[in-house]
Amino acid sequence: MKVTSYQQHLLSDIERLTAFYEAIHKKSKGIIYDLGTGSGVFSSWAAPLAHFVYAVEKDPFTAKLAKKNLKPFKNVSLIVNNAQNIIFPENADLIICEMMDTALIDEEQVPVLNSVRKYLNKNGEIIPCGVFNGVEAVHVNTAHPSYQEGRTPQHELMSRLIIYDQIDFKKYIKENVAFRIPISINKQGTVSGIKITTFTLLTPQLICGPTPMMNPPLLIPTNKLKVRNGENIILNLEYSMGGGLDTIRASIERIS
Ligand SMILES: C[S@@+](CC[C@H](N)C(=O)[O-])C[C@H]1O[C@@H](n2cnc3c(N)ncnc32)[C@H](O)[C@@H]1O
């Protein structure tokens, strides 16, 4: 398979690939859309099990790669366009869409699914089928939202993980969201940030945590608050799904 370095990194993430492979193998049938096909890897797995696959890629350079890799498959059509602009000639039994990002903020998963979902047959399925987002209060020194890579940025957990949002990709998803999350502090110190962790449901039975190339935990700075063990505080969190990291607003406050 021909690859660019970004696509190579995606293809080196065995945990991510294994989870998608299992889901695609289980669910592929009939008419399939593979939105954001990249190197074409998911279409190449789905094609032998499908009647027809529409592989969609908006980046023309990446699409050249998909074209080479998908050449052997006679039942795959590559469409080079933004998935939101396409009028599909037939409905889908399965939509595969991997434009995932932590809390779905920095990639187009949500706007794309909100515009393409109307083409999904009534009993059709989506891979992944949804996400759970969790949040923890942390002590962290970072000037802007940063994805965790190994131990960087260094941080100290100040609470347990709370699931604050659950998203079902088959239903309309509100893109601009605001949460007010009560959280119990379990350590004395200073809270200065929020950590978001996203769990991906490939199928209702197959859940995948963060992998190196899919949804690494996101550390977001907030105002600073001195806290006691056992104290309850409020995390305020706003963002636009698909709007990018600049749309994030995060702060913490005491419960008055
Ligand atoms: C995370 S990569 C996934 C690539 C491949 N499916 C894989 O999992 O290895 C997301 C791909 O979606 C493409 N993409 C992002 N937004 C898109 C959109 N609105 N329409 C079509 N393709 C898009 C990107 O160019 C990129 O190639």
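In which loop does P128 lie? P128 lies in the loop between β5 (120-127) and β6 (130-140), where helices (H or I, at least four residues) and strands (E, at least two) are DSSP runs numbered from the N terminus. The model is predicted, so that local features need pLDDT of at least 70 and side-chain atom pairs count only at pLDDT 80 or more, while totals for chains, interfaces and linings use all residues. Residues are numbered from 1 along each chain as its sequence is written, and side-chain values use heavy atoms, with hydrogens and water left out.

**Backbone geometry in loops**

The peptide bond that leads from I127 into P128 is cis, with omega near -10°. A cis peptide bond also joins T152 to P153, with omega near -10°, and P153 is placed in the loop between β7 (146-147) and β8 (155-157). L104, in the loop between β4 (92-97) and α5 (109-116), has a positive phi near 65° although it is a residue other than glycine. N215, which is not a glycine either, has a positive phi of about 60° and belongs to the loop between β12 (206-208) and β13 (218-227). L104 counts as buried because its relative accessibility is 0%, and N215 counts as buried at 2%; buried means under 20% relative accessible area, exposed over 50% and partly exposed in between (1.4 Å probe, protein chains only).

**The ligand and its surroundings**

The ligand is surrounded by 20 residues, the closest being R16, G36, E57, N82 and E108, where a residue is near a molecule if one of its heavy atoms lies within 4 Å of it. By class, this shell has 7 nonpolar, 7 polar and 6 charged residues. Helix α1 gives the most to the shell, with 3 residues.

| Residue | Protein atom | Ligand atom | Distance |
|---|---|---|---|
| T37 | polar backbone atom | nitrogen | 3.5 Å |
| E57 | side-chain N or O atom | oxygen | 2.6 Å |
| A83 | backbone N or O atom | nitrogen | 2.9 Å |

**Two further residues**

S44 is found in helix α3 and counts as buried because its relative accessibility is 13%; its side chain reaches the backbone oxygen of V41 at 2.7 Å. F52 lies in strand β2 (residues 52-57) and is partly exposed, with a relative accessible area of 22%. The C-alpha atoms of F52 and F73, which are 21 residues apart along the chain, are separated by 9.8 Å.

Key:
Polar contact = N/O pair within 3.5 Å; in protein donor to acceptor, adjacent residues only side chain to side chain. Nonpolar A, V, L, I, M, F, W, Y, C, P; charged D, E, K, R; others polar.
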